[in-house]
Amino acid sequence: MRSTALVTLLACVLAIAGCGDGGGGDHGTAGAGHGATRQSDVPAAKRIDLVFPYGSEKKHWLKEVTEAFNASHTKIGNGKIIHVQAIPMGSGETMRQILDEHTKAHLWSPASGAFVKLGNAESETRLGKPLVGKTSELVLSPVVIAMWKPMAKALGWGTKPVGWSDILELTRHQDGWAALGQPQWGRFKFGHTHPKYSNSGLISLFAEVYAATGKTSKLTLEDVEKPETGKFLEEIEHAVVHYGSSTGFFGRKLFGNGPRYLSAAVLYENMVIESYDRRKHPDLPFPVVAIYPKEGTFWSDHPVGVVDRPWVTDAHREAAEIYIEYLLEKEQQQAAMRYGFRPANIEIELAAPLDTAHGIDPNEPKTTLEVPSVPVMDAILKLWRKHKKHANIVLVLDTSGSMKGQPMARAREGARALIDLLGPEDRLSFLPFSSRARWVLKDQEMRVGRNRAQTAVGSLYAEGGTALYDAILAAQEHLRQNPTPDRISAIVVLTDGEDRNSRTSLRQLLDRVRADEEAGVKVFTIGYGKGANEKVLEGIADATQAKFYRGTTQNIREVFKEISTFF
Amino acid sequence: MAIPERKGGGAGKLVFFTLLVLVVGIGYLVYSQFGPDGGGDGNGNGGNGSGPQATGPGTAGSGGPAGHSTGSPPPAGERVEFRIAYGTEKRLWLEWAAREFEKTAAGRRIRPILYGRGSVEGAQDVVNGPGDKPIHVWSPASSAYRDVFETEWKIRHGAGSPILRSDNLALTPMVFVGWKQRLDAYRAKYPQVDFRSVAEAMHAESGWDTIAGKPEWGHFKFGHTDPSKSNSGLLALVLMAYDYAGKERGLEVRDIMTAEFQQWLARFERGVARPGGSLTHSTGTLMKEMILRGPSQYDVLMVYENLAIDYLKAARTRWDELVVVYPERNMWNEHPFYILDVPWSSEKQRAAAGEFLDFLMSEPIQRQALQHGFRPGNPMVPVKFDESPFVRYAKHGLKIDLPRVCEAPKAEVLQNLLASFQRLGR
């Protein structure tokens, strides 16, 4: 943590969309609010409020135990009743919110101690003091490769240690699973979140680089710069279906869409356990198991600490310490175990569901990896940008008459933000549509075509009808006729209304995009404003295992930014 | 009601270490330890975790009567309260003792407030006192800092020693602690668990694959705390130096400033595991990290004997048995309890602290110290009996007698050792 500039850089990139399960479910944009604890019924004068932003991986557990705590009307020494306002959001977002004083938090619990280091380093730079002092771990969960059990068994799971090198072998085979005698499973399809935005994505990269070097600690810049390290990373990354900002989203997609969509994804151990919850996941085709990479892994340790800022009074500290102590008591820790976390209270023996019947091995992991220094982290991110799976995007924008005014202006702004966030080697095609679709750009690499793309988006105006299905079909045809299997192929569609002018029917369109599923073209849809047919757009996104977003003139920029995290 | 207090604070400053090294002397047994971790074991600043979790009742307020409950608080003003700044290696035992004290007749009149602080921090708080958390009793891990504290007090306040009464609560030496399965494999390769073999194991080219044909165990991972922040880390350096010099007494600056030792130390420290990217500040945190993350995080640590004993059960239920190995040369902590005669301490508070000290030194409470892995400060409490952890856990490698206890090194030796470590940029 020597380089302030690097700390700031990393903190910034980690903060954009938050880390971990930062998404607010499968629809909508990332952000806080979902799963926040209920308001207090105690008059303000009689209570002391604690604002508690935390990494949302532990949302279900913290919501349950915090509401019970609030209901107990526990008091501090001056007789005031403690009320904890627990707010789940991405870990990076929690850090940014507190550092920027947008959230006047009294205590904080990101998913990993790495954020405490980053937050404290930036706070020291800004104010000469840390963001939090002493911290305690609330719960733990190792980072694992979650895989469908038959696939894991084909890879040797259960009979020998399996790791990144085995994943690499599989990605090297053009025939995918056929190389292991399982042609019916098609290509090896892999997922991890975007390392710029998500803890588990960043950790995946560290693990891949460690595996490439054969080290488990003391990773150096020289290690990262070796050509074979980049090659290893590139080969694994090419099996990636797409990236994303939220580990939770990947988990839900893996469990919800089955092995046709993803063979494996980097998740937290507690999410593998969660997949065995038949109420949430009644129709899994196979069980999911946790692979603890033989090369080593990292722990998500959920530290909690009292924030060191002027608005945190002695009374807040007293209340916070009582609440933390409560969270670490046996009863609450046992509740955490029910949600698949390993309790930080060492008095508790590990028991179900932390067992092999829930796809995990409580005796794993066998070895862990050392958190690299900030300069090495930065070098790894740069290496990834070079060797990541690049994207081939078709942007399909509605320019019908109903978009006139602010909607069009904001949509242009959002689309330009997306273009800004694409990498230099990513390709963009641009297909605006109203009563008919007209190609403006085709396959422009951003290294040379970014300005042209920005200009094209900036020159749009609203007029005419809505031939939505024809436009999506045209985009689909373009990608089908110009396949780029070494890239993430996706269509990003924004519309504010229902289709009125297409010759293509919805059924025809859905059949078409479903038929091309193995080609891996994802269709991300944005229902912009109240006139959009959400059900239709959701259906189109679901048909390609992509994601539907609700957009407004207020949030459209953020929606486009979040979509960029998939690439 | 006894109350565990927590407060973040600055890590022990180098100037205090420098002062501290001037007064390291010989105590009840030969020892040379500073107070507990400067960064604060568990409760001090800088740790990224805590020691064993407190289950103590009450709030963390500086006198507020309410508890961590919805029940009625005990009436304020009717009980004599006093604050104990203590080295948190003994946190579990002290919190238990305080809860037991609360059940006694004296406990209904007297309320000790437990305040986890590093030795140097605790002394600073008293010298600079009273502050917002006035300290009435100071109980560091070691008495080594007593002379510096008294000198500082005299300089600042122009008065004699503020220590009215003292006693040694408990003793504990340093140990290597590791996972049985891994230490068994280690011993098949290296007959002796000592700093030299640990150095070899840390640098084994293919880690556990080379040591025991177990590639899945990764590299051999040895840990100690940050010697700049933590007493146990500094002691690890001292024991390394004694071991390298092959003596127990008369360690000189020239012994540690040889190119050979400096190179050996640099190589050793390059191999020490830093899973979070830096050395841990607190011994309690380090031990808890090992238990929570199992052999994936550390194979072997150097920690206080009492911590290893205290975590035996948790280790077994989560991962594997722990095994303790005593370094061939060792040192002691003796956990003094100093009742202070300071301007903010009333006669009632001093008397109350005395009653609590008598309670702590009583046989039942001392026997419980034994259960927490301490060797009792009350010589009337036996260590060798069937239920003693030292007998019961003998199969874990626990021993009552230490082979060789080292003399406290001179101040300049400690100073140079610490400087040598700091030059390594760890």
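Modeller: Start with helix 7 (residues 199-213) and helix 9 (residues 227-237) of chain A in this predicted model. Their axes are 9 Å apart and the packing angle is about 130°.

Colleague: Which residues of helix 7 of chain A meet helix 9 of chain A?

Modeller: Helix 7 brings A:Leu205, A:Glu208, A:Val209, A:Ala211, A:Ala212 and A:Thr213. Helix 9 answers with A:Thr229, A:Phe232, A:Leu233, A:Ile236 and A:Glu237. The contact divides into 7 nonpolar, 2 polar and 2 charged residues.

Colleague: Why is helix 17 of chain A called roughly parallel to helix 18 of chain A?

Modeller: The axes of helix 17 (residues 468-481) and helix 18 (residues 506-515) of chain A cross at roughly 20° and come within 10 Å. Roughly parallel means under 35 degrees, so the label holds. Helix 17 of chain A passes helix 18 of chain A in a left-handed crossing. Residues meeting there include A:Tyr469, A:Ile472 and A:Arg480 from helix 17 and A:Leu506, A:Leu509 and A:Arg512 from helix 18 of chain A. The contact divides into 6 nonpolar, 1 polar and 3 charged residues.

Colleague: What makes strand 14 and strand 17 of chain A edge strands?

Modeller: The sheet is open, with 6 strands in the order 14-13-12-15-16-17 (chain A) and mixed pairing. Strand 14 (441-445) and strand 17 (548-551) each pair on one side only. Neighbouring strands are turned by 20° against each other on average, direction ignored.

Colleague: How do you know that strand 15 and strand 16 of chain A pair?

Modeller: Pairing takes at least two bridges. Strand 15 (residues 488-495) and strand 16 (residues 522-528) of chain A have 6, in the parallel sense. A:Thr495 stands opposite A:Gly527 in strand 16. Helix 19 (residues 534-543) of chain A lies across strand 15, strand 16 and strand 17 of chain A, at about 165° to strand 16.

Colleague: Which residues point each way from strand 8 of chain A?

Modeller: A:Val288 and A:Ala290 point one way, A:Val289 and A:Ile291 the other. All are buried, each under 20% relative accessible area. Strand 8 also pairs with strand 5 (residues 139-148) of chain A in the antiparallel sense, over 4 bridges. There A:Val288 is the bridge partner of A:Trp148.

Conventions. Residues numbered from 1 in each chain as written. Chains lettered and ligands numbered in written order. Predicted model: local features only at pLDDT ≥ 70, side-chain atom pairs only at ≥ 80, totals over all residues. Heavy atoms only, no water. Helix = DSSP H or I, 4+ residues; strand = E, 2+ residues; numbered from the N terminus. Axes fitted to C-alpha atoms, helices over the stretch in contact; angles between N-to-C directions. Contact = heavy atoms within 4.5 Å. Buried < 20%, exposed > 50% of the residue type's maximum accessible area, 1.4 Å probe, protein only. Parallel < 35°, antiparallel > 145°, perpendicular 65-115°, else oblique. Left-handed = near helix turned anticlockwise from the far one by under 90°. Nonpolar A, V, L, I, M, F, W, Y, C, P; charged D, E, K, R; others polar.
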